[in-house]
Amino acid sequence: ERTINRIAAGEVVERPASAVKELVENSIDAGATRIDVVVWDGGRDLIQVTDDGCGMSADELTLAVERHATSKLTDEDLVNIGSLGFRGEALASIGSVAKLSILSRAGDSEEAWIVRVEGGKKQPPEPAAFGGGTRIEVRDLFYATPARLKFLKTARTEYGQISDTLKRLAMAHPEVSFSLSDGTRTTFKAPHVAGLEADPRLERLSVVLGRDFRENAVEIKADREGLQLTGFAGLPTFSRGNAQHQYLFVNGRPVKDKLLSGAVRGAYQDYLARDRYPLLALFLDVPPAFVDVNVHPAKAEVRFRDAGLVRGLIVSALRHALADAGH
Ligand code: ADP
Ligand code: MG
């Protein structure tokens, strides 16, 4: 049983950044308004995620580390591109390849509990002290799967991936405050967006993409055949020498798709030299049936039923916005 768990775990948790993604998504699902991540040695020594979400009781903690245990409804109407197919598997998977501890106190309880799992061996919950919410620690990731450990890149590279993953989640969730620390200093901080902000999303994008994004971006708003596109796109004058800062979110979830860079290239071709790339973040909302979730979920890839339609929508929305801005 443990061997099977470890094989499956490799599918969900490929590297430290995938563990961070699963843990932070759980915190968001738990209604957290604040999520703090601490990472040592690129996630190999420690990944710690602390949230102020709903927390778990002792019984819920026991369940949380069981395979296929989920407290979430599998609602067919919800397109969970990022986690569908791995429902209730993240914590069990992490617990089978690392030393996992979950410290938690449910909102309506006086007592906190901690549960530990090491290489798939689950200990019963023990009483603990904790203010509220949940703190999950993953130590010695992949110690139980040396082959997987061998494939990890340098701590610096893994940390970069974690940072990128967290920034994408922060862009999709302006209502939550995030921080990332390497144990010595805080390298990323996205504070609460005050209720007074006219546009929380633009404010959050500016935190991630740079303060001057706000003054150098145009708003994108377009729809076609049931697809809705919103977001902000940087002016051609506000470009970079690489395509690293082009972000796409589908139904609220960060995805990586080649379609985006192609569409952006098409829309900006008259304005930009070939080695320049605009900064942008686009949010596409589509009916569930429009996306194929059979693509490997942990890799954040999607397949659209009609990629041409999506591409056309993005290209024309960007062209119009740039033309309106006087380009
Ligand atoms: P899934 O998210 O697909 O349900 P997971 O293995 O990621 O599966 O988590 C299992 C369960 O543990 C969740 O359904 C949830 O009930 C609980 N859980 C995990 N993380 C948290 C958290 N940070 N706060 C509260 N509950 C959590
Ligand atoms: Mg989960």
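1. Let's start with α2, a helix of 14 residues whose first and last C-alpha atoms are 20 Å apart, close to the 20 Å expected at 1.5 Å a residue. That expected span is 1.5 Å times one less than the number of residues in the helix. Helices (H or I, at least four residues) and strands (E, at least two) are DSSP runs, numbered from the N terminus.

2. A word on the model before going further: it is predicted, so local features need pLDDT of at least 70 and side-chain atom pairs count only at pLDDT 80 or more, while totals for chains, interfaces and linings use all residues. Residues are numbered from 1 along each chain as its sequence is written, and chains are lettered from A and ligands numbered from 1 in the order in which they are written.

3. Back to α2, which is mostly covered, with 12 of its 14 residues buried. Buried means that 20 or more other C-beta atoms lie within 10 Å of a residue's own, exposed means 12 or fewer, and partly exposed is in between, with C-beta atoms placed from the backbone. Among the buried residues are Pro-16, Lys-21, Glu-22 and Asn-26. Just after the helix, Gly-31 has a positive phi of about 80 degrees.

4. Now for the ligand. Ligand 1 is surrounded by 22 residues, the closest being Asn-26, Ala-30, Thr-70, Ser-71 and Ala-90. The elements giving two or more residues to this shell are α2 (16-29) and α4 (90-97). A residue belongs to the shell if its C-beta atom, placed from the backbone, lies within 6 Å of the ligand. By class, the shell has 8 nonpolar, 9 polar and 5 charged residues; Ala, Val, Leu, Ile, Met, Phe, Trp, Tyr, Cys and Pro count as nonpolar, Asp, Glu, Lys and Arg as charged, and the others, Gly among them, as polar.

5. Most residues other than glycine have a negative phi. Asp-41, in the loop between β1 (34-40) and β2 (46-51), has a positive phi of about 50 degrees. Asp-140, in the loop between β7 (133-139) and α5, also has a positive phi, near 50 degrees. Asp-41 counts as partly exposed because it has 16 C-beta neighbours inside 10 Å.

6. Finally, Thr-154 sits in the loop between α5 (146-150) and α6 (155-172). Thr-154 counts as exposed because it has 10 C-beta neighbours inside 10 Å. Thr-154 and Asp-41 are 113 residues apart in sequence, yet 8.6 Å apart in space, C-alpha to C-alpha.
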